[in-house]
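Trainee: Could you walk me through reading a strand together with its neighbours? I'd like the general idea and then the case at hand.

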Amino acid sequence: AAKTLTSHVKSSDKNEPYGVVTELQSKDGDRIVDVVMNAENVSICLLSKGKKVRTLKAKGVSVVKCSDNQKDVLLVVPKEYDIYLRFGNKSAAEVFLSRMKNFALDADIVIPTQSLPTKRILSIAKTEAHRQHLINKFLASAFSEMMKQESGFEDDEGSNGTIEQAQDRQTAEILECELTRCEFAAALGLNPSSQFVAKVFPLVDRDDSGSVSFKEFLSFMIVYSSRDSEDKLKLIF
């Protein structure tokens, strides 16, 4: 049976079926999905085979529609990986974009939209694989910096060797990266719903942004690694 894309927003009482909608470039390969927009909590939920696979805050999301095949839509998600959707035809994509516009009005947010050719969209889309690669670099850099600071290492020019002094593109990308709650838990080998994550994540997220920056994660690792077992138990409980 054909999948339908449903939008739970007040302006969209007539849920016209979109037909099959495919998410491209997911880690499990292309998959058929449902997208649910909820104006009450300003969120967008992605489901696959009836199971929730991803929920994201809609505020800050932007839309890029394909100007040549006119059936591809990229949801650009700040601080996470993007969602690349392919609809069965131009009409289905237009219905989705119209519903997204109504959703933004009901949720009282702005969702910028632009058109780009497929080649350009593919070049800017941040896939799940790209995101995981960035997180791996983020963690490697954080642990490396922690070891330098703990050992008092200084480079040949007498600097403190901090990663902030590097100006290359890769370093800038790492410094701009922020971990979501789930990514933070995964970095520690924990379940996102664990008691430790529930208690510690808000403490690490000092600016209450809902994500953890490089500096916040590094500070946490330095403090946590310096505590003895009893202090760590007190932190958890």
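**A strand and its two partners**

Mentor: Strand S4 (residues 34–38) pairs with S5 in the antiparallel sense, over five bridges. Strands here are DSSP runs of E with at least two residues, numbered from the N terminus, and two strands pair if DSSP finds at least two bridges between them. This is a predicted model, where local features need pLDDT of at least 70, side-chain atom pairs count only at pLDDT 80 or more, and totals for chains, interfaces and linings use all residues. Residues are numbered from 1 along each chain as its sequence is written, and side-chain values use heavy atoms, with hydrogens and water left out.

Trainee: Which residue of S5 is the bridge partner of valine 36?

Mentor: That is cysteine 45. In the hairpin of S4 and S5, four residues lie between the strands, and valine 42 takes a positive phi near 50°.

Trainee: How does S5 pair with strand S6?

Mentor: In the antiparallel sense again, over six bridges, with S6 spanning residues 51–57. Leucine 47 has lysine 52 as its bridge partner, and serine 43 has lysine 57. This hairpin has two residues between the strands, and lysine 49 takes a positive phi near 55°.

Trainee: Which way do the side chains of S5 point?

Mentor: In a regular strand, side chains alternate between the two faces of the sheet. Here Ser43, Cys45 and Leu47 point one way, while Ile44, Leu46 and Ser48 point the other way. All of these are buried, meaning under 20% relative accessible area with a 1.4 Å probe, protein chains only.

Note on methods: Buried < 20%, exposed > 50% of the residue type's maximum accessible area, 1.4 Å probe, protein only.
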